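Trainee: I would like to learn how to read a few features of a structure. Please take them one at a time.

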Amino acid sequence: MKLLKLTYILYKLKLLTPRGVYCLISSIYKHGTNLMTLLAFSARIYGEKAALVDEQEIISYKQLLLQSQELAVALRENYQVR
């Protein structure tokens, strides 16, 4: 029963397509298993769709990924945070 539910969820998330599997594996290879992996996957699948919305702006998944990568570089260079 749990396997069937998992399969359904993966299908709805478009992970059971060849493109979805490729995007997920390449994201895991590049980022490991963490939130950056999920964000990189989402940016590849959903691209310009809205990831965050507030009163002043809308940020797409690609923009959110780029901003997160810039923040990660700054934290690593300035504060040795990994």
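Mentor: Start with Tyr22, which is in helix α2; helices (H or I, at least four residues) are DSSP runs, numbered from the N terminus. This is a predicted model, in which local features need pLDDT of at least 70, side-chain atom pairs count only at pLDDT 80 or more, and totals for chains, interfaces and linings use all residues. Residues are numbered from 1 along each chain as its sequence is written, and side-chain values use heavy atoms, with hydrogens and water left out.

Trainee: Does Tyr22 count as buried or exposed, and what is its relative accessibility?

Mentor: Buried means under 20% relative accessible area, exposed over 50%, and partly exposed in between (1.4 Å probe, protein chains only). Tyr22 has 52% relative accessibility, so Tyr22 counts as exposed. Between the C-alpha atoms of Tyr22 and Phe41 there are 9.5 Å, and the two residues are 19 apart along the chain.

Trainee: How many aromatic pairs are there?

Mentor: A pair of aromatic rings is described by the distance of the centres and the angle of the planes. Rings of Phe, Tyr and Trp (its six-membered ring) pair if their centres lie within 6.5 Å; planes under 30 degrees apart count as stacked, over 60 as edge-to-face and the rest as tilted. That rule gives one aromatic pair. The ring centres of Tyr46 and Tyr61 are 5.7 Å apart and the planes are at 40 degrees, so this pair is tilted. Tyr46 belongs to helix α3 (residues 35-46) and Tyr61 to helix α4 (residues 61-79), 15 residues apart, and the pair links these distant parts of the chain.

Trainee: What is the phi of Gln80?

Mentor: Most residues other than glycine have a negative phi, and most peptide bonds are trans. Gln80 has a phi near 55 degrees, a positive value in a residue other than glycine. Gln80 is in the segment after α4, and at 61% relative accessibility Gln80 counts as exposed.

Trainee: Where does Leu16 lie?

Mentor: Leu16 is in the loop between α1 (2-12) and α2 (18-31). With a relative accessible area of 46%, Leu16 is partly exposed.

Definitions and conventions: Helix = DSSP H or I, 4+ residues; strand = E, 2+ residues; numbered from the N terminus.
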